[in-house]
Amino acid sequence: MKEIKAIIQPFMLSKVEEALCKIPDFPGMTITKVQGFGSEKCKKGVPHRPVEDIVDYVPKVKLEIIVNDDMLDIVVDTIQRHAHTGNKGDGKIFIYDVRDAIRIMTGERGETAV
Ligand SMILES: Nc1ncnc2c1ncn2[C@@H]1O[C@H](COP(=O)(O)OP(=O)(O)OP(=O)(O)O)[C@@H](O)[C@H]1O
Ligand SMILES: [Mg+2]
């Protein structure tokens, strides 16, 4: 099992979701509004400001998707193609190993729980 964590432009979310839902047996995803910055910002220099001031960061959307290994490539490829504008700030996709999963309703574990 793998976790796919993708940080994308918020205005690309509906296009990405529509494409993901066309994948047979797509298991679901968690979506969070996040803020951050990419590699360009540090090159410009970091302005001094109070730590609670987060207005300067760029709004993004984070997708978290756990999949069985056989679905990894199609999900990553779908996100990459449908979140792509070709501009800076399009985002990133990170992939992690997942140790286990548990479906709360049934107690199933592992691949069948995903
Ligand atoms: N290495 C990273 N670790 C954690 N979050 C990251 C990382 N790189 C990017 N992000 C997150 O992804 C968002 C979008 O990053 P962005 O696509 O601008 O990256 P970049 O490195 O600047 O590449 P690009 O040149 O394509 O803009 C950032 O606002 C930040 O939230
Ligand atoms: Mg950037």
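This note goes through the predicted model above, point by point.

1. **Ground rules.** The model is predicted: local features need pLDDT of at least 70, side-chain atom pairs count only at pLDDT 80 or more, and totals for chains, interfaces and linings use all residues. Residues are numbered from 1 along each chain as its sequence is written, while chains are lettered from A and ligands numbered from 1 in the order in which they are written.

2. **Overall layout.** The protein chain holds three helices and four strands. Helices (H or I, at least four residues) and strands (E, at least two) are DSSP runs, numbered from the N terminus. Read from the N terminus on, the elements follow the pattern β-α-β-α-β-α-β. The C-alpha atoms fill a box of roughly 50 × 30 × 20 Å, taken along the principal axes.

3. **Burial.** The protein chain has 114 residues, and 11% of them count as buried. The cut-offs are these: a residue is buried if 20 or more other C-beta atoms lie within 10 Å of its own, exposed if 12 or fewer, and partly exposed in between, with C-beta atoms placed from the backbone.

4. Two strands pair if DSSP finds at least two bridges between them. In general, strands of a sheet pair through backbone hydrogen bonds, either parallel or antiparallel.

5. E2 covers residues 30–36 and is hardly covered: among its seven residues, the count of buried ones is zero. Seven bridges tie E2 to E3 (residues 58–67), and the two run antiparallel. Look for Ile31, which stands opposite Leu63 in E3. Gln35 stands opposite Pro59 in E3.

6. **Strand E1 and its two partners.** E1 (residues 2–8) pairs with E3 in the antiparallel sense over seven bridges. Ile4 has Ile65 as its bridge partner in E3. Lys5 stands opposite Glu64. E1 is also joined to E4 by seven bridges, again antiparallel. There, Ala6 stands opposite Ile93 in E4. As a general point, side chains in a regular strand alternate between the two faces of the sheet.

7. **Ile65.** Is Ile65 buried or exposed? Ile65 counts as buried because 22 C-beta neighbours lie inside 10 Å. Ile65 belongs to strand E3. Ile65 and Val114 are 49 residues apart in sequence, and their C-alpha atoms are 9.7 Å apart in space.

8. **Two packed helices.** Two packed helices are described by the angle between their axes and the distance between the axes. H1 (residues 13–21) and H3 pack at an angle of about 150°, with axes 9 Å apart. That makes H1 roughly antiparallel to H3. Axes are lines fitted to C-alpha atoms, for helices over the stretch in contact, and angles run from 0 to 180 degrees between N-to-C directions. Angles under 35 degrees count as roughly parallel, over 145 as roughly antiparallel, 65 to 115 as roughly perpendicular and the rest as oblique.

9. **Gln80.** Gln80 is found in helix H3 (residues 72–82). Why does Gln80 count as partly exposed? The reason is its 15 C-beta neighbours inside 10 Å. Gln80 and Lys62 are 18 residues apart in sequence and 13 Å apart in space, C-alpha to C-alpha.

10. **A residue to check.** Asp25 lies in the loop between H1 and E2. Asp25 has a positive phi of about 65°, although it is not a glycine. Most residues other than glycine have a negative phi. Asp25 is exposed, because 8 other C-beta atoms lie within 10 Å.

11. **Around ligand 1.** How many residues surround ligand 1? There are 13, and the closest are Ile7, Gly36, Gly38, Ser39 and Lys88. A residue is near a molecule or strand if its C-beta atom, placed from the backbone, lies within 6 Å of it. Helix H2 (39–44), E3 and E4 (91–97) each supply at least two residues of this shell. The shell divides into three nonpolar, five polar and five charged residues. Ala, Val, Leu, Ile, Met, Phe, Trp, Tyr, Cys and Pro count as nonpolar, Asp, Glu, Lys and Arg as charged, and the others, Gly among them, as polar.
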